Amino acid sequence: MLADIIIGEDMRFEDGRIVTDYTKRAKTDNSLKGIKSIAKLNKEKSDSIADEIIKNTYRTLMTRGMKGCYVYCTDRKLAEYLKIKLQA
C-alpha cells in the first residue's frame with residue numbers, strides 16, 4: 001500500500017529551516033486542541049508544542065506506506081529541501 005501525503009501551509013521552508021505555523025492548520029484538526037489557550041499564557045511554549053505535534057504528524061504519515069509514499073508540498077521550497085534530503 002502506498003501513502004499519499006499532502007504537506008499543507010502549516011509547514012514550510014524559509015531562511016534555511018523548516019518552519020511550522022499552527023494557525024494554518026485545518027480548523028477540524030483536534031491534535032492541536034487547546035493550543036490557543038496555551039498561547040495566551042505562553043507564546044513560546046505553545047509554538048514549541050505545536051511545532052513538535054505538526055512535525056510528528058507528518059513524520060508518522062510518511063512511515064505508514066508499506067511500499068512507499070508520495071509526498072506533495074504546497075510550499076515549493078520545502079519540496080526542494082525534502083527532495084535533496086531524501087536523495088542523500
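These legends walk you through a few views of a predicted model.

**View 1. The whole protein and its order of elements.** Welcome to a protein with three helices and four strands, where helices (H or I, at least four residues) and strands (E, at least two) are DSSP runs numbered from the N terminus. Along the sequence, the pattern reads β-β-β-α-α-β-α. The C-alpha trace spans about 40 × 30 × 20 Å along its principal axes.

**View 2. Burial across the chain.** Of the 88 residues, 27% count as buried, meaning under 20% relative accessible area with a 1.4 Å probe, protein chains only.

**View 3. Where D10 sits.** Look for D10 in the loop between β1 (3-7) and β2 (11-14). D10 is buried, and its relative accessible area is 4%.

**View 4. The side chains of D10 and R25.** Here a polar contact of 2.5 Å links the side chains of D10 and R25. Such a contact is a pair of N or O atoms within 3.5 Å; within protein, one must be able to donate a hydrogen and the other to accept it, and residues adjacent in sequence count only if both atoms are side-chain atoms.

**View 5. The surroundings of D10.** Apart from neighbours within four places in sequence, D10 is in contact (heavy atoms within 4.5 Å) with V19, T20, D21, K24, R25, I54 and Y58.

**Notes on the model.** Residues are numbered from 1 along each chain as its sequence is written, and side-chain values use heavy atoms, leaving out hydrogens and water. In this predicted model, local features need pLDDT of at least 70 and side-chain atom pairs count only at pLDDT 80 or more, while totals for chains, interfaces and linings use all residues.

Key
Buried means under 20% relative accessible area, exposed over 50%, partly exposed in between (1.4 Å probe, protein chains only).
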